[in-house]
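User: I would like a close look at how the pieces of this model pack together. Please take me through it in one connected account, with the cut-offs behind your terms.

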Amino acid sequence: MHSFTYSANAARVIFGYDSLSRIGEEIERLGCTRVMVLSTSGHRPHAERVAGVLGSIAKGIFDRAVMHVPIETALAARAEARRIEADGIVAIGGGSTVGLAKAIALETALPIVAIPTTYAGSEATPIYGLTEGGIKRTGRDAKVLPKTIIYDPSLTLELPPLLSIASAMNAIAHAAEGLYAADRNPVTDLMAVEGIRAIAAAMPKIAVHSQDRDARSDCLYGAWLCGTVLGSVAMALHHKLCHAIGGAFGLPHAETHSCLLPHTLACNASCATEAMRAIARAIGRPSAASGLYDLASESGAALSLREIGLREDQIDRAVDLALASPYPNPRPLEREALRSLLVSAWTGERPSD
Ligand code: NAD
């Protein structure tokens, strides 16, 4: 065994159907008595359900969470938290809602209980993001790591199948890059492989029957593991590229990950052979990049950046953005290789690896 460093991001995890009903005891455990509940406007009924279970200790609902945490939204949510003298936050929703809770906690250190409804994995990380003047700044701070996560798969039954598949690919991306991260360790490797295995087995079942309770549960379990990997080790080319082009061109988050992942893995394949073998084994296919492409394709996912809104004339700008700030990656980043990766992802052709 080689030397390694492993820092656990400790959170309490409550997993299972109907675990939402345990929100009251979990809030009590944290000693909170004045709770603010967050959601998007579309999912306000979820927030109302949480407030209903909490009763009089739910002091307010803030239902204005939106993608990428605009600073204006964060300021408004922080002001509301102050106004109602909140001593705890419950975020029910996807990465956008959990991200808003983190923006509040970054300033106030209020404890967060996260109740995720997608597979994005933000609930398992100390990473926050805030968008100001069109630029998303991200950072790490232990204050923003949720204290408790309640994973209730019943909340994901209504996640539309195509969004579910894209979100599942988003989760796999965390684990896939975790397997070749410069600072990976045996524990994150275990979580990554098991997370990919659970999600890859569940995806085709969710694609044909979105109400499959076992598959939903397996996928959410995998998303937790993959999110934990994201929170523990450094991401590389794939995440940097998604971040850069998703933000600059307003592409949908999960779908961007889903379209790019087979191509970023194909690009890194020759410099991360051990990781590729582990991914291929976990998905039960002969190879990682084309195997994930086939899995996404068979599950009905969007396969090209073209169909999710990137224009061909934006590819060169995307390459510039991806090269703008250097970061560790198994394969040294070169303009031509990046351009070819983006052209393949734009057309959505099957990668060869
Ligand atoms: P999201 O929260 O915006 O949700 C995506 C869409 O799914 C929305 O339209 C939402 O209304 C809908 N939705 C969510 N749950 C649903 C449900 N159960 N049923 C039906 N519809 C549902 O997006 P996301 O993909 O969950 O998260 C993406 C955001 O999170 C991005 O801003 C990304 O940067 C951030 N993120 C951050 C981290 C981190 O560690 N900080 C990790 C992953 C993602």
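Analyst: Happy to; the account below starts with the sheet, moves on to the helices and ends with the salt bridges.

A word on the ground rules. This is a predicted model, in which local features need pLDDT of at least 70, side-chain atom pairs count only at pLDDT 80 or more, and totals for chains, interfaces and linings use all residues. Residues are numbered from 1 along each chain as its sequence is written, and side-chain values use heavy atoms, with hydrogens and water left out. Helices (H or I, at least four residues) and strands (E, at least two) are DSSP runs, numbered from the N terminus.

Let us begin with the sheet. It is open and has 6 strands in the order β1-β8-β5-β4-β2-β3, with parallel pairing; two strands pair if DSSP finds at least two bridges between them. At the edges sit β1 (12-15) and β3 (58-62), each of which pairs on one side only. Direction ignored, neighbouring strands are turned by 15 degrees against each other on average. Angles here run from 0 to 180 degrees between N-to-C directions, and axes are lines fitted to C-alpha atoms, for helices over the stretch in contact. Looking at one pair, β2 (residues 35-38) runs parallel to β3 and is joined to it by 4 bridges. V37 has I61 of β3 as its bridge partner.

Helices pack on this sheet. Helix α2 (residues 44-54) touches β2, β3, β4 (88-93) and β5 (112-116), and its direction makes about 175 degrees with that of β3. Contact means heavy atoms within 4.5 Å. Helix α7 (residues 213-232) lies across β1 and β8 (148-151) and runs at about 170 degrees to β1. S217 belongs to α7, and this residue touches F15, Y17 and P153, leaving out residues up to four places away in sequence. S217 counts as buried because its relative accessibility is 17%; buried means under 20% relative accessible area, exposed over 50% and partly exposed in between (1.4 Å probe, protein chains only).

Now for the helices that pack on one another. Two packed helices are described by the angle between their axes and the distance between the axes. The axes of α9 (residues 253-268) and α11 (residues 288-298) come within 8 Å and cross at roughly 170 degrees. That makes α9 roughly antiparallel to α11 (under 35 degrees counts as roughly parallel, over 145 as roughly antiparallel, 65 to 115 as roughly perpendicular and the rest as oblique). On the α9 side, the contact is made by L261, P262, H263, L265 and A266, and on the α11 side by A289, L292 and Y293. These residues divide into 7 nonpolar, 1 polar and no charged; Ala, Val, Leu, Ile, Met, Phe, Trp, Tyr, Cys and Pro count as nonpolar, Asp, Glu, Lys and Arg as charged, and the others, Gly among them, as polar.

Helix α10 (residues 273-283) has A275, M276, A278, I279, A280, A282 and I283 as its buried residues. Their cover includes α5 (161-178), α6, α9 and α11. After α10 comes G284, with a positive phi near 70 degrees.

M203, found in helix α6 (residues 186-208), is worth a stop. M203 counts as buried because its relative accessibility is 0%. Its contacts, neighbours within four places in sequence set aside, are I165, A168, M169, I172, L295, A296 and S299. M203 also lies 8.2 Å from S164, C-alpha to C-alpha, although the two are 39 residues apart in sequence.

Finally, the salt bridges, 15 in the structure, each a side-chain nitrogen of Lys or Arg within 4 Å of a carboxyl oxygen of Asp or Glu. E298 pairs with R285, with the closest N and O atoms 2.9 Å apart. E298 lies in α11 and R285 in the loop between α10 and α11, so the pair ties together parts that are 13 residues apart in sequence. E298 is exposed at 55% relative accessible area, whereas R285 is partly exposed at 21%. D320 and R335 meet at 3.0 Å, N to O. Since D320 is in α12 (residues 315-324) and R335 in α13 (residues 335-347), this pair ties together parts that are 15 residues apart in sequence. R44, E48 and D63 are linked in a network of salt bridges.
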